[in-house]
Amino acid sequence: MNGTYDAVVIGGGMSGLTAAITLCNAGKTVSVISKGDPVCCLSTGCIDVLNGTERPLKGISELPFGHPYGFVAEDLIIEAHEHFLKIVAEGKIPYTGSIHENRQIITPLGTKKTTCLVPKTMEYSEYDGGDYVHVISFKGLKDFYPTYIMMRLENTGCSVFDAGISSTIGIAEQFEDEHFRQTFADWILRQNIPDGKITLPAVLGIRSSLSIYDDLSRRTGRIFFEIPTLPPSLPGIRLFNCLKNALIARGGQLYWGSEIASVEKLGTIIEGVTLKNPGRVARVQGKAFILATGSFISGGLFAGMDTVHETVLDLPVYYPENRKFWFKEDFFSRGHEIEKAGVEVDASFRPMADVAFKNLFLCGSIIARSEVMKYGCGHGLAIATGYAAARSCEGFIK
Amino acid sequence: MIVRDVIIIGGGSTGCGVARDLALRGISHCLIEKGDFAAGATGACHGLLHSGGRYVVADPTAAEECISENRVLRKIGRKCVEQTGGLFVRLPGDSKKYRDIFLINCDRLGIETEVLSSTRALELVPSLNPLLEEAVRVPDCSIDPFRLCMLNIVSSKARGGEILTHHEVIEIIKERGRCVGVKVKEKTSSSIKEIRGKVIVNASGAWAQRIAMLAGSSLPMTLSKGSLVVTNHRLSNMVINRLRPPSDGDIIVPNEAVCLAGTSSVGVDVPDNLNVSDGEVEVIAREAASMIPEFEDVRLIRTYAGVRALLSSDPCDGRQISRSFKIIDHKNGLFSIIGGKLSTYRLMAEKLCDAVMREFGLKKTCVTAEKPLEGQEELRGYPLSSRLESLKDIVCECELVSRSEVERVIQKINPKHIGDIQHRTRLGMGPCQGGFCSYRAIGIMQETGKISQEESIQILKEFLQRRFKGIKPVLWGDQLREEQLIEYIYLGILSMESY
């Protein structure tokens, strides 16, 4: 399956899909090449814009020079997130919150996690003092232990439902079924749960979480909120599916499960890539390319014993030199030095001037000095840089 | 107050061996261990049951002890010994003369050898460096130190032995110049117990000096740290040694699903808080790769280190010091044992118990070499089929450990650390090193009500920090990739640092 597009996006995660959708909106023909489902599916699905502060935008303005957020003007960051909110609302997984203000949600450990935008199913996940919170778990579920949460809350109780299956994805699939929901709602009503909120692990459906959530609230007359679980995480999967569907609806082409075998270049221009597909080889050509392959987890970067390289185009990578300094001693320190590794870009999201490619743009955590864990800025940075890189790319294609 | 004839300090292989030996001779005893069994050098060694080949040139006494104990353990401990066989490989540039002396000495000591051509050696272990000159086959084996300790304890418990793990000796009680008992502190509750005995056995390995000092004595010993790395999978089904004088990183031992490679030898002052340096890892990986080239880019999942307690007080080079052992009678009711090795633990226990029997004026002889270790019948080994039976219930995906297995251990031993569960089930010993399953194991511990809720987070935090310490020196490649995901789970999803 060969094709020629205005823009070819390499990497189907948050930043790549954001960039692709943005370019589609601008009337460009776009394809996305991805090795597989992205790290987004392992995430909480919440949009961390910049944690460690109450006001993310103010925090961003105070970031050290060289952080990729610095290449995106504040109004563009706001615009990118508004664009995101529009897409997820269209895709029936509306998000709550505002980029101007962070919020805190309950984690499966009962701690508070700072984040910014959350799916509507987590809207009520905020502590408000002594209000009663009832924790629902599911029999045999190995990644959710109500005791962790109950020890952190003052006023709380717990019930366990037997869904006949013990994986989050399996239970989520059950919730897609109306009869199951009725059974579950009836069971809730029989528990005589005191007034207050009801929380449960994020298992309320895969495809139709919003209507499942509303349906449960209606049937029981109770306020629910989901707690994002360990990977694989339903809110992350829903978010990814939503963006993927938004791209398809806009005419974007997907090359899924495809690794890049070779890259064709002529001087300072990348002409096309060849995909390693089972069966026949596909060649994808584009006027411009966007590299959104992420950092180490997603495989955009790979660390040797003492070097780091970029896996698709072998672009020069910035990284702390001595392996001894890659990680701090403390596991809980947030922000190991190795997090700075990445490809350095200029203000138009192209690799730095000494790198030859004129039609290549980068977005997401492959960009050097992103330090996503240190700043708690994963999805927010992906949205902002994906949107901004797409804008820059659009200007180039014109 | 507990009263027993003998108090054993240390739950490593020596202490556990002494407990079994005394039990079989009908002597009442109490064993005190500050952590879990095999928590010191016993659990932090290669798990190699030496044929003696390694010491045959420089230290024939140690070699002779090794081969004789090797035969004994293969006979009495079938379920904790894997009879892998071993190869000493000679690479281009390695001394031919050394090889000749090696063969002569093996012959003299009765260590069975077979010289193999490089072709034959490669047939046996295809991952070997194809440039090897030749290999010598010896009866090296792989041994499970945790299991070994626990099986020795079975005999002790069955005969009324009192076993106190997670208890630390804080005082040795002396009366009229003689050691008559100890005070121990329970680790979690800090409650103090007093135990009285006629003889105290100091089998605390690297901590032996500390214990001797509590009794007002001292020991001629030196500490040498040995570091090892763990691979993601088995690269060889035989033990692989380098045919040359013992040096860093020249042993590779298959163990369950992985291989262990090491060791280094670095003098240290204290036995606690060991760190493995990046330099040590690089040396071990490079040396191992000279024998098995795959080591160059194999995924290393962890490092660990143990401290050998060696005889003599000359700390300049740990490798020059004999690996044989010594029993010291402090003439005040305290007996210390230092030196030796896992392979000869039983012999060490036998000699020590002989000394104790002389002290008591009793005649009963040792039978530990003849009687198979008790409790082996119940062991299931590592059958994949039985682990797959409860697939739905798996809490540790790397090592296929089920929830019911974890619950069984919790009910049985009342664990206070994830390590206690790890050693008994292999939970958390795979590629993610407990990244996913430690949160689950503690969740389960909490649900059974065996630990308080506040305790649980503390245990999880300690585990993650200790785990990270072991992984940090091998963070590159896929292990780095996995670690970033684990970091995301505990900090990004669970916000654990906010505790």
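1. Two residues are in contact here if their C-beta atoms, placed from the backbone, lie within 7 Å. Helices (H or I, at least four residues) and strands (E, at least two) are DSSP runs, numbered from the N terminus.

2. This is a predicted model, in which local features need pLDDT of at least 70 and side-chain atom pairs count only at pLDDT 80 or more, while totals for chains, interfaces and linings use all residues. Residues are numbered from 1 along each chain as its sequence is written, and chains are lettered from A and ligands numbered from 1 in the order in which they are written.

3. In chain B, 8 of the 8 residues of helix α11 (residues 418-425) are buried, so this helix is largely enclosed by the rest of the structure; a residue is buried if 20 or more other C-beta atoms lie within 10 Å of its own, again placed from the backbone. The cover over the buried residues of α11(B) includes α5 (145-158), β24 (401-402), α10 (403-413), α12 (437-447) and α13 (453-471) of chain B. R426(B), which follows α11(B), has a positive phi near 75 degrees.

4. In chain A, an open sheet is formed by 4 strands in the order β8-β7-β9-β10, with parallel pairing; strands pair if DSSP finds at least two bridges between them. Its edge strands are β8 (156-161) and β10 (223-227), each pairing on one side only. Strand β9 (residues 197-201) of chain A pairs with β10(A) in the parallel sense over 5 bridges, and I198(A) stands opposite F224(A) in β10(A).

Terms used:
Buried ≥ 20, exposed ≤ 12 C-beta atoms within 10 Å, placed from the backbone.
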